[in-house]
Amino acid sequence: MRMHIVRKHDDVPSGCLGATVAIGNFDGVHVGHLSVLRWATEVAGNLGCSAGVITFEPHPRQFFQPNKPAFRLMTRDSRARRLQMLGFDVVFEITFDAGLANATAEEFSRSILADRLEISHAIVGADFRFGKARASDASDLSRFGERFGFGVTVLPLKIDGDIEYSSTAVRKALTDGQVGKATSILGHHHRIEGRVIHGEKRGRDLGIPTANLSLDNLFVPAHAVYAVSVDIIDGEHAGNYGGVASIGTRPTFGVGQPVLEVHVFGFDGDLYGTRLSVALLDHLRPETKFDSVDKLVEAMHADCVRSREVLAAIAESGSRDRDGKPATGL
């Protein structure tokens, strides 16, 4: 069933009203988020209503700190795809603007949750904060729920030994090149998604053609070479492929803007304009400035060999993520 994405909360389709909703930004949709999200779908089933998510665009941090480096782990489209995989019927992308930033928790609860969306129930984590200056917490939401006619469930934070389940912890792991740790926190491989753009076509000239994805407005992991799984999302070549990718500025040829370049194994065709989702499976080596193009090409071939070994090991293990999906698939 197709999931609805509602971006105008003052004009909500009648079929989307009355949902049970998980509320949060859900950047990365990590393991800590999953307890809130899965509880929302369970409550929705028990109440016989739609399962929904309330999130915010732009991310509040982007609104308040527009000049800070990009931090988002996923685009709004890739987040929506993962939420659909989890069984949600509707995502409400609430516009975060000056009006919402200055709204009190009571105003948000009454005007948006109760009056406009008519929610049946809200699910939040224990660290939930909302309202002007983030002055209110989950207990306040429960109080307003009683007043305005919707239920509230507050879930404890996910704790598993010394693992911190947070988007900040994912970014730290990716910055350190610890792809396995990031995967453990996320419950799935970190993915970079976008449409293939035109590059300088050096890979083709070197005998290892690559598809380029812009990293604009996304968090940039450690500049390095990675074993990857590539999902071609649309177009005639749609499907899952293995590959090897480089994230960085291509220092052998000078300094440029960070970009993701991915070589798709066994593919021969035109991917320009096609949407890709590239999963980071393993960190192979740091980005390196080579003394010559020949040495670069030699290293690229070695990277391909190592990536194929990683892909083969994952396939043999039958590894699956916490959504029950194959580790190398979308």
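A charge sits over a ring if NZ of Lys or CZ of Arg is within 6 Å of the ring centre and within 35 degrees of the ring normal. The charged end of Arg 308 meets that rule over the ring of Phe 265, 3.9 Å from its centre. Arg 61 does likewise with Phe 71, at 4.1 Å from the ring centre.

This is a predicted model: local features need pLDDT of at least 70, side-chain atom pairs count only at pLDDT 80 or more, and totals for chains, interfaces and linings use all residues. Residues are numbered from 1 along each chain as its sequence is written, and side-chain values use heavy atoms, with hydrogens and water left out.

Next come the ring pairs. A pair of aromatic rings is described by the distance of the centres and the angle of the planes. Rings of Phe, Tyr and Trp (its six-membered ring) pair if their centres lie within 6.5 Å; planes under 30 degrees apart count as stacked, over 60 as edge-to-face and the rest as tilted. The count comes to nine aromatic pairs. One of them joins Phe 63 and Phe 96, edge-to-face, with 5.4 Å centre to centre and 70° between the planes. Phe 63 belongs to helix α2 (residues 60–64), while Phe 96 lies in the loop between β4 (90–95) and α4 (98–101), 33 residues apart. Helices (H or I, at least four residues) and strands (E, at least two) are DSSP runs, numbered from the N terminus.

Phe 63 has 31% relative accessibility, so Phe 63 counts as partly exposed. Phe 96 has 11%, so Phe 96 counts as buried.

The rings of Tyr 241 and Phe 267 are also edge-to-face, because their centres are 5.9 Å apart and their planes stand at 85°. Tyr 241 lies in strand β12 (residues 239–248) and Phe 267 in the loop between β13 (259–264) and β14 (275–286), so this pair ties together parts 26 residues apart in sequence. Tyr 241 and Phe 267 are both buried.

Ring pairs also build a cluster of Phe 56, Phe 63, Phe 64, Phe 96, Phe 108, Phe 128 and Phe 130. After α5 comes Glu 118, with a positive phi near 50°.

On a 1 Å grid over the protein atoms alone, a cavity is a set of points where a 1.4 Å probe fits but cannot get out, and a pocket is an open set with protein on both sides within 12 Å along at least five of seven lines; lining residues have an atom within 4 Å of a point. Grid points are joined across faces, edges and corners, and a volume is the space filled by probe spheres set on the points.

The whole structure holds one cavity of 30 Å³ or more. The largest cavity contains about 160 Å³. It is lined by 16 residues, and Met 74, Ser 78, Arg 82, Arg 191 and Glu 193 are the closest to its centre. Helix α3 gives the most to this lining, four residues.

The largest pocket has a volume of about 1,200 Å³. Its lining has 43 residues, with Gly 24, Asn 25, Asp 127, Arg 129 and Arg 134 nearest the centre. The largest share, four residues, comes from α1.

Terms used
Buried means under 20% relative accessible area, exposed over 50%, partly exposed in between (1.4 Å probe, protein chains only).
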